[in-house]
Amino acid sequence: MFYKFLLRRLMYVIPMLIVTTLVVFSLILIIPGDPALALLGDNATAEKLAQLRSQLGLDQPVLIQYGNWLLHALQGDLGRSLFTGEIVSDAVFSRLGVTIQLVISAMIISFLIGMFFAITSILKPNSWMDYVARFFGTLGTAIPNFWLAMLLVALFSVKLGWLPATGFVSIFENTGGFLQSVLLPAFCLGAFGAAQITRQLRSSLLESMDSDYIRTAYSKGLSLWPVIWKHGLRNAFLPVVTTAGLLFGNMLGATVVIESVFAIPGMGQLAVNSILQRDFPMLQGVVLVMVVMVLIINFVTDVLYSILDPRIEFD
Amino acid sequence: MQFRIILQRVKRERLAFVSLIYLLILVLVAFFARYIVPFDPEAQDLNQVMIAPNGSHWFGTDELGRDIFTRLLLGSQAAIQAGLIAILIPLFIGVPLGIISGYLGGIVDDLFMRVVDAILSFPAILLALGITGALGVNLWNAMIAIGIIFTPQFARLARGQTLQVRREPYVEAAKISGAGPLWIMYRHILPNIASPIIVQASFSFSLAILVEASLSFLGMGAQSPQISWGGMLHQAYSMIFVNPFMMIFPGAAILLSVLAGNFFGDGLRIAVDPKIKRT
């Protein structure tokens, strides 16, 4: 039963994959005028233009272009950078690790902060702790992440000198250095998620703490914490799984801003640089890899949700 | 629901009402900025570089001695324009497509929803960046890109709402009386699904301000001499080791505007919900 369910979910991913690749490919179609001219600039020679047109397959019909591009992409060939000549897939995957470390750290921070605020706020509704949590939940979704980053850099790097303002150390090289370099960017990347989780978990916890099974648990003689932990959180967490899946895509996108602020050599910075250099194959590569990651995460959260929710049947 | 009743109900949501007033002032400032600014935004005064706020320069000056208050007022234009364009594009493209898809149903609807789902799985700001990059880096294209990335959300919302009302008696009645599908969608479905779409629009307005600021901060939106709060923050960031205070006001302007949009959206959601009783 479960495998059939998995298979059906997987079948759903395929049309999504087709449409997303179509969107990524179409980016080159919406360049106004002659893309080769736009990419190379006005003083390009006719020879160079012709060479780029054939490199990008621009001299062929659109559908053939897409087919070729997709066939190559499926084999992991995303072309070469127009700027450095580097192989796009190599460049993207060499930066993938950095971005994943950053996003996972941000996700952990979001969950820790979100759970902390949500639980403290429901202990005593309308107390000062509740107000702090609600204030945080409101502020965190509205504050521009790059401004938050600038404020924290001004405080912790410029004034106090505790944390580096830029750069990144991989966790596999030096754990202490990693923690130091990742703390500020991961917090700024995760603040939005932390606020979202606070809001969502708070309202679903309030709802679940008001239900019959919680009263039963109390009347069995359980004290506050076991009730929250075992009965309240467990049920309140289900909608958070879906939120976490959505947050992943959101954070992956936000790395373009955060990695630029902190000069972190990840995929987000690569995306920004490739636009500034009009390096289209590279941009398409980054966007494609990121959206495929999102599709994978959506698939995983979907499956996870149905495993966690006993009400969902697999046939 | 009538406009006046909605306004009355928004008035009762104090935070939402204050936010509405803030936003209206912001729109007025954006329209009349060039007439009310105290200084020439490009006038450099190298004797007064990065001075702290004082009586004549209310918010201080930047690294070229330009008045920050003046530039902040003019920066509201980019923010307001981005917010408006980013909701007009989905309202005029996404909503009609969503209604048609939901009303027709069947394979058209299936296909359409696959496309919408696929576009929604892109990290929004990354797609906006890609579209801006392709169209050409400037503020106008950035605003169009933001409008495009918001379109699928509106389409999905309109479609879902249409599914709920298309079997209602008044739609059936219109059908029997011989009304064509386009007339039904325009005259009977659209007015009945408008409330949640308007609420979504107010949240999208504030999100658009946020995304425009992010893109301009990255150098993908407003280009000098165009002024944008995001661009001002980019400039302030390069001065962070010299003078960190320059970043305070543009960032606060973005935060306040986004908060106002969100609060107004929250209040509007309560105001247009017929299930919530008037107290």
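Colleague: Which residues does B:L233 touch, not counting residues up to four places away in sequence?

Modeller: This is a predicted model. In it, B:L233 touches A:F146, A:W147 and A:M150 of chain A, and B:F217, B:M247, B:P250 and B:G251 of chain B.

Colleague: What is the largest nonpolar core, and which residues have the most contacts inside it?

Modeller: In soluble globular proteins, nonpolar side chains tend to be buried together. Here the largest nonpolar core has 164 residues. Those with the most contacts inside it are A:A149, A:A271 and A:V286 from chain A, and B:A128, B:I146 and B:L233 from chain B.

Colleague: How many residues does each chain bring to the contact between them?

Modeller: The size of an interface is often given as the accessible area lost when the parts come together. A residue count is what we have for this one: 37 residues from chain A and 37 residues from chain B. On the chain B side, the elements giving two or more residues are α4 (106–120), α5 (124–135), α8 (181–217), α9 (229–238) and α10 (248–272). Of these, α5(B) gives the most, with nine residues. By class, the side of chain B that touches chain A has 28 nonpolar, seven polar and two charged residues.

Colleague: Now the chains themselves. How many helices and strands does chain A have?

Modeller: Chain A has twelve helices and zero strands. Its C-alpha trace spans about 80 × 60 × 35 Å along the principal axes. Of its 315 residues, 39% count as buried. Among contacts in chain A between residues at least 6 apart in sequence, 71% join residues at least 24 apart.

Colleague: And what does the secondary structure of chain B come to?

Modeller: Chain B comes to ten helices and zero strands. Its C-alpha trace spans about 75 × 45 × 30 Å along the principal axes. Buried residues make up 48% of its 279 residues.

Colleague: At what angle do α3 and α8 of chain B pack, and how far apart are their axes?

Modeller: Two packed helices are described by the angle between their axes and the distance between the axes. For α3 (residues 68–104) and α8 of chain B, the angle is about 145° and the axes are 6 Å apart. The crossing is right-handed. Residues of α3(B) in the contact include B:G83, B:I87 and B:L91, while those of α8(B) include B:I197, B:A201 and B:F205. The contact has 19 nonpolar, three polar and one charged residues.

Colleague: Take one residue from that list. Is B:A201 buried or exposed?

Modeller: B:A201 is buried, because 23 other C-beta atoms lie within 10 Å. The residue is found in helix α8 of chain B. Leaving aside neighbours within four places in sequence, B:A201 is in contact with B:I87 and B:L91.

Colleague: Where is B:P225 found, and what is the peptide bond from B:S224 to B:P225?

Modeller: B:P225 is found in the loop between α8 and α9 of chain B. The peptide bond from B:S224 to B:P225 is cis, with omega near 10°. B:Q226 is found in that loop too. B:Q226 is partly exposed, because it has 16 other C-beta atoms within 10 Å. Leaving aside neighbours within four places in sequence, B:Q226 is in contact with B:A78 and B:L139.

Colleague: Turning to the backbone of chain A, what is phi of A:A263?

Modeller: Phi of A:A263 is near 50°, a positive value in a residue other than glycine. A:A263 is found in the loop between α10 (224–261) and α11 (267–276) of chain A. With 13 C-beta neighbours inside 10 Å, A:A263 counts as partly exposed. A:R278 also has phi near 50°. A:R278 is found in the loop between α11 and α12 (280–308) of chain A, and is buried, with 20 other C-beta atoms within 10 Å.

Terms used. Residues numbered from 1 in each chain as written. Chains lettered and ligands numbered in written order. Predicted model: local features only at pLDDT ≥ 70, side-chain atom pairs only at ≥ 80, totals over all residues. Contact = placed C-beta atoms within 7 Å. Helix = DSSP H or I, 4+ residues; strand = E, 2+ residues; numbered from the N terminus. Nonpolar A, V, L, I, M, F, W, Y, C, P; charged D, E, K, R; others polar. Axes fitted to C-alpha atoms, helices over the stretch in contact; angles between N-to-C directions. Left-handed = near helix turned anticlockwise from the far one by under 90°. Core = buried A, V, L, I, M, F, W, Y, C linked by C-beta atoms within 7 Å. Buried ≥ 20, exposed ≤ 12 C-beta atoms within 10 Å, placed from the backbone.
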